[in-house]
Amino acid sequence: MKLLKKSTNKPEPVLSFGESLLILAVILCILGYLIIVKRQEPQAPLFISFVLLAIYGHLRGFKWQTVMDGMRSGLRAGVDPLIIFLSIGVLIATWIFSGTIPTIMYFGFEIISVKFFLPTVFIVCTLVGIACGSSFTTVSTMGIAFVGIGATLHINPGLTAGVIVSGAFCGSNISPLSGTTNLAASVGDISIYKHIKALLVTDIPAWAICVVLYTFLGLNSKNVSLAAVHQMMNGLANGFWISGWALLPVLLLIILAIFQVPAIPSLGLGSLFAVLLGWIHSPSTSISTITHTIMTGFVSHTGDKTIDTLLSKGGISSMLTSLALILFALALGGLLIKFNIISTIINHLAGIVKTPGRLTFATALTCIGVNLMVGEHYLAIILPGQSFLPAADKLGLKREDFTRILNDAGAAVNAIVPWSVSGVFIATTLQINPFAFIPWAFFPFLVTIIAIIAGALVKLPSSSSSSANEIATD
């Protein structure tokens, strides 16, 4: 009994920086080999990594209760994103039912040319992202419509999706209504508008470069037969309600965003309004048909194979596979945090920053690392923000210069991690392999690089020079 009691009260281990780094390297090798090299779906590699880490942690000296607590804490951080995933699945199905997405596609065919399709998509998604403050909403509404248009124009689906992602995340990044933007500002305890003003220093150059690149890529697009476009428009007009009234759900979401209604009730109201609108147009639709659509998604029966493929989607069930992936990613992230693996590495990096350039690079690297290992963009802002903020203050770095890197590398990079919350959502919603759109999603790459360069060029106030010298001699 004494031996049992003694082992039970044994203090849990403290992992060194080297051991923590080795654990992360092994997990990344497992994920990279199975997902990238073997092209496996991310669910199994994440599950394998989670189980192996849990067993290693217990063998290393962590109690099973600690392992379970880590898993639970990781899952708690993802409750809101999981509900948002399901709500967007419903939104997609109901917006097709109401004719909202088909109407956007129809009007898009009338105003978009093949040559300028890509820059137009990028600019429109940026504006919608700013207006509603949500990259997810932009991808799940305008994104689906533009993917449909792009398919008809014979443009690479991965390229179209990459342009949508760039525009959506650029708009969300600089929107005062964005959750991640407000979170980054709150971490630095500064006003949202002061934070956005600093963001414009990096985001506008990245946006401008994207416009040039997408315009250049668009010029290489081949001309498309107008007959194919007219056939698609006729199919949409015959199979769906095409009307300006069908765009009212879009207006409702923008109004709710302006009044800062949270994402989950906004998506719910947007879906209910779309159902009401669709039912008014087609009152013969039964309640059971509507509930079936909400659960399993909308099924198009226009007779046009392309339209039926593009607009048979949505519903709660369409998001279930993605939910499994997010659950495993969050559980794995919870263990990494509970075992203090993430904090050990962050604290080590925080101890070696001596200049604004080093601090910016270390913060960006940590934001990217948390995105890769945890897959959650809120944690990718909070963990590095809380860890490096004291060093930023001691160095004399302006708070807005510090929060800018949190936003750029923490939120935007999440879109180009295949197993992250954003990466999974984009792949599921647009029905495309993450590795097909990631190479074309220029904005997250560009804005992170520009933010690191901007941090290296920051000049400290003269009053902080003594503090900087003090740090350099520590």
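**Cavities and pockets**

By the rule used here, there are two cavities of 30 Å³ or more. This is a predicted model, where local features need pLDDT of at least 70, side-chain atom pairs count only at pLDDT 80 or more, and totals for chains, interfaces and linings use all residues. Residues are numbered from 1 along each chain as its sequence is written, and side-chain values use heavy atoms, with hydrogens and water left out.

Trainee: What volume does the largest pocket have?
Mentor: On a 1 Å grid over the protein atoms alone, a cavity is a set of points where a 1.4 Å probe fits but cannot get out, while a pocket is an open set with protein on both sides within 12 Å along at least five of seven lines; lining residues have an atom within 4 Å of a point. Grid points are joined across faces, edges and corners, and a volume is the space filled by probe spheres set on the points. For the largest pocket that gives about 850 Å³.

Trainee: Which residues lie closest to the centre of the largest pocket?
Mentor: The lining of this pocket has 38 residues. By class they are 22 nonpolar, 14 polar and two charged (Ala, Val, Leu, Ile, Met, Phe, Trp, Tyr, Cys and Pro count as nonpolar, Asp, Glu, Lys and Arg as charged, and the others, Gly among them, as polar). Closest to the centre are Ile84, Gly133, Gly179, Ala263 and Tyr378.

Trainee: Which elements give two or more residues to the lining of the second largest pocket?
Mentor: The second largest pocket, of about 330 Å³, is lined by 17 residues, with Glu41, Pro42, Ala427, Asn433 and Pro434 nearest its centre. Helices (H or I, at least four residues) are DSSP runs, numbered from the N terminus. The elements you want are helix H17 (320-338), H22 and helix H23 (434-437).

Trainee: How many charged residues are in the lining of the largest cavity?
Mentor: This cavity holds about 70 Å³ of space, and its lining includes Trp95, Cys132, Thr137 and Met142. Seven of the lining residues are nonpolar and two are polar. The charged count is therefore none, by the class rule.

Trainee: Which helix gives the largest share of the lining of the second largest cavity?
Mentor: About 30 Å³ of space lies here, and among the lining residues are Asp401, Arg404 and Gly455. Helix H21 (399-411) and helix H24 (442-457) each supply at least two residues. The largest share, three residues, comes from H21.
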